[in-house]
Amino acid sequence: MTATSPLRLRRITSGLTQAELAQRAQVSQQLLSKIEQGARTLRPDMAQTLAKALGCRPAELLPALAMTPQPETENTRELELLELFRRNDERGKETALAVLRLNADPA
């Protein structure tokens with residue numbers, strides 16, 4: 001059994017159909033369907049757009065946004081890094097970590 005997406009739960013509790021939310025958020029119904037089914041990743045910028053249309057906080061739709069108490073722009077960057085990191089194979093992940101470590105060292 002697949003877990004229900006936070007987006008779907010919020011949309012349903014708001015009494016909206018996918019088509020109605022799509023119209024409010026000015027996105028396609030097909031995109032909403034794919035996000036709700038897990039076929040597309042809900043990106044932080046889209047979470048903001050949908051949250052505005054639903055009258056809620058973006059973190060309610062994308063819980064990872066609430067992971068750290070940093071400004072939303074930093075959360076967006078962190079999530080983008082995490083998403084890109086996860087797309088890589090092990091070699092790519094090791095390379096990315098090595099680059100970040102080099103840049104993080106104050107030397």
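Ala, Val, Leu, Ile, Met, Phe, Trp, Tyr, Cys and Pro count here as nonpolar, Asp, Glu, Lys and Arg as charged, and the others, Gly among them, as polar. By that scheme, the lining of the second largest pocket has 6 nonpolar, 1 polar and 3 charged residues. The model is predicted: local features need pLDDT of at least 70, side-chain atom pairs count only at pLDDT 80 or more, and totals for chains, interfaces and linings use all residues. Residues are numbered from 1 along each chain as its sequence is written, and side-chain values use heavy atoms, with hydrogens and water left out.

Stay with the pockets. A pocket is an open set of points on a 1 Å grid over the protein atoms alone, where a 1.4 Å probe fits, with protein on both sides within 12 Å along at least five of seven lines; lining residues have an atom within 4 Å of a point. Grid points are joined across faces, edges and corners, and a volume is the space filled by probe spheres set on the points. The second largest pocket has a volume of about 190 Å³. Its lining includes Thr41, Leu42, Arg43 and Pro44, along with Leu79, Leu82, Glu83 and Arg86. Helix 6 (residues 72–87) gives the largest share of that lining, 4 residues. Helices are DSSP runs (H or I, at least four residues), numbered from the N terminus.

The largest pocket has a volume of about 230 Å³. It is lined by 16 residues, and Ser5, Ile35, Glu36, Gln37 and Gly38 lie nearest its centre. Helix 1 (6–13) and helix 3 (29–37) each supply at least two lining residues. By class, the lining has 7 nonpolar, 6 polar and 3 charged residues.

Glu36 leads on to the charged pairs. A salt bridge is a side-chain nitrogen of Lys or Arg within 4 Å of a carboxyl oxygen of Asp or Glu. The whole structure holds 5 salt bridges. In one of them, Arg11 meets Glu36 at 2.6 Å, N to O. This pair links distant parts of the chain: Arg11 sits in helix 1 and Glu36 in helix 3, 25 residues apart. Both residues are buried (under 20% relative accessible area, with a 1.4 Å probe and protein chains only; exposed is over 50%, partly exposed in between).

Gln18 counts as buried because its relative accessibility is 16%.

Now the core. A nonpolar core is a set of buried Ala, Val, Leu, Ile, Met, Phe, Trp, Tyr and Cys residues joined through side-chain atoms within 4.5 Å. The largest one has 22 residues, of which Leu7, Leu21, Val27, Leu42, Leu50 and Leu61 touch the most other members. Helix 4 (44–54) is among the helices that supply at least two residues, and helix 4 gives the most, with 6. Leu7 touches Leu21, Leu50 and Leu61, among others, and also Glu36.

Two further salt bridges remain. Asp45 pairs with Arg43, the closest N and O atoms being 4.0 Å apart. Asp45 is partly exposed, at 47%, and so is Arg43, at 35%. Glu90 and Lys93 meet at 3.9 Å, N to O. Both lie in helix 7 (residues 90–104), 3 residues apart, about one turn of the helix. Glu90 is exposed, at 55%, whereas Lys93 is buried, at 18%. Elsewhere, salt bridges that share partners join Arg10, Arg57 and Glu60 into one network.

Conventions
Contact means heavy atoms within 4.5 Å. Lists of a residue's contacts leave out its neighbours within four places in sequence.
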